[in-house]
Amino acid sequence: MSTRNAAYLERFQLLCEQYGFKPCYLTNYEMAIDPVYQAFARDVIARGTGEIGMHLHAWNSPPAHPQTDHDGEDKAYLIEYPDDVMRSKVDTMTKLLEDTFSIKMISHRAGRWAFDRRYAELLLEYGYQVDCSVTPHIDWGGTPGKRQGKGGTDYRHFPTGAYFIDPDDIARPGHSALLEIPMSTRLKYPAWLRATRRTLDRLRGKIRPDSISWLRPKRDNLAETLSLTNRILAEGSDYLEFMLHSSEFMPGGSPTFPDEASIEQLYRDMDQLFRHIASRCQGMTLADYHQRFVAKSASRP
């Protein structure tokens, strides 16, 4: 897999710094061993302008497990591997990142958003403090991983705000040391309209998932992301969580942004979005937010 996208991260980093934001670069195996990315990440760490976290795509992260990897053809979720293989892959990625960047890994996001109780237990065992794999309202069960698998995780009944995970039920707040910071995703339409759409779909013999708004740029969705930030903050949330894949900063790196013109539009949209958010929010890494959340929790009676 190509890592040419590593060379396109600096522009995004500079835009974030312009507005006082501190990105968390959730890093997979290919990027972790790329010299260009290593130099970029070490500079971010040295200047305290961002964070490096762990991101594990199981099918191409060592050690190999041919029965599930299938040479990457299936894009298997880590939670579809045997327990001992899950542990080996988490162990390898954690040690690689910590040895490469000489820092403790604190933050994590699961590859393809697939998370479960066993995965949470491994993160706790390896000293992670933050996970951000949960995408509220979204059921990934229809998105295949390994062949004959059950698909990804169903997050339709998970909290939308940050919470310490209950190791016995990751959808429930508990008292573990692992803080879940769910992605900023919301149902796009009000309940009455969703019910109407479902009724009409049944009459037409159709089944379709609920429409979801994400705090992530796509072409022509600036108005939607601006509206989403207003809505989430109006709900009383104390954070907004933005995301984009590093490949999307590179022309042709994704179908969404296929050329230089689309990348320039992306940066114009991000500039407007970040300006809007910066007037109401303080930039934090996931680790920073964890520290603040712990402090606020300790101060409550």
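The sections below go from the whole chain to single residues.

## Basis

This is a predicted model, in which local features need pLDDT of at least 70 and side-chain atom pairs count only at pLDDT 80 or more, while totals for chains, interfaces and linings use all residues. Residues are numbered from 1 along each chain as its sequence is written, and side-chain values use heavy atoms, with hydrogens and water left out.

## Overall fold

The chain has 10 helices and 9 strands; these are DSSP runs numbered from the N terminus, with helices being H or I of at least four residues and strands E of at least two. Its radius of gyration is 19 Å, close to the 19 Å that the globule rule gives for 301 residues, so the chain is as compact as a globular protein of that length. The radius is taken over C-alpha atoms, and the rule is 2.2 Å times the number of residues to the power 0.38.

Of the 301 residues, 50% count as buried. Buried means under 20% relative accessible area, exposed over 50%, and partly exposed in between (1.4 Å probe, protein chains only).

## Nonpolar cores

A nonpolar core is a set of buried Ala, Val, Leu, Ile, Met, Phe, Trp, Tyr and Cys residues joined through side-chain atoms within 4.5 Å. The largest one holds 71 residues, of which Tyr 37, Phe 115, Tyr 119, Met 270 and Phe 274 touch the most other members. Helix α9 (residues 260-278) gives the largest share of this core, 7 residues. Apart from it lies another core of 10 residues, among them Cys 132, Ile 181, Leu 286 and Phe 293.

Beyond four places in sequence, the contacts (heavy atoms within 4.5 Å) of Tyr 119 include Leu 56, Leu 78, Met 86 and His 108.

## Ile 165

Ile 165 is found in strand β5 (residues 163-166) and is buried, with a relative accessible area of 1%. Leaving aside neighbours within four places in sequence, Ile 165 is in contact with residues including Phe 115, Arg 172, His 175 and Glu 180. The C-alpha atoms of Ile 165 and Asp 131 are separated by 9.4 Å, and the two are 34 residues apart along the chain.

## Backbone features in loops

The peptide bond from Pro 62 to Pro 63 is cis, with omega near 0 degrees. Pro 63 lies in the loop between β2 (51-56) and α4 (66-69).

Gln 148, in the loop between β4 (130-131) and β5, has a positive phi of about 60 degrees although it is not a glycine. Gln 148 is exposed, with a relative accessible area of 76%. Asp 220, in the loop between β9 (212-214) and α8 (222-234), has a positive phi near 70 degrees and is exposed at 78% relative accessible area.
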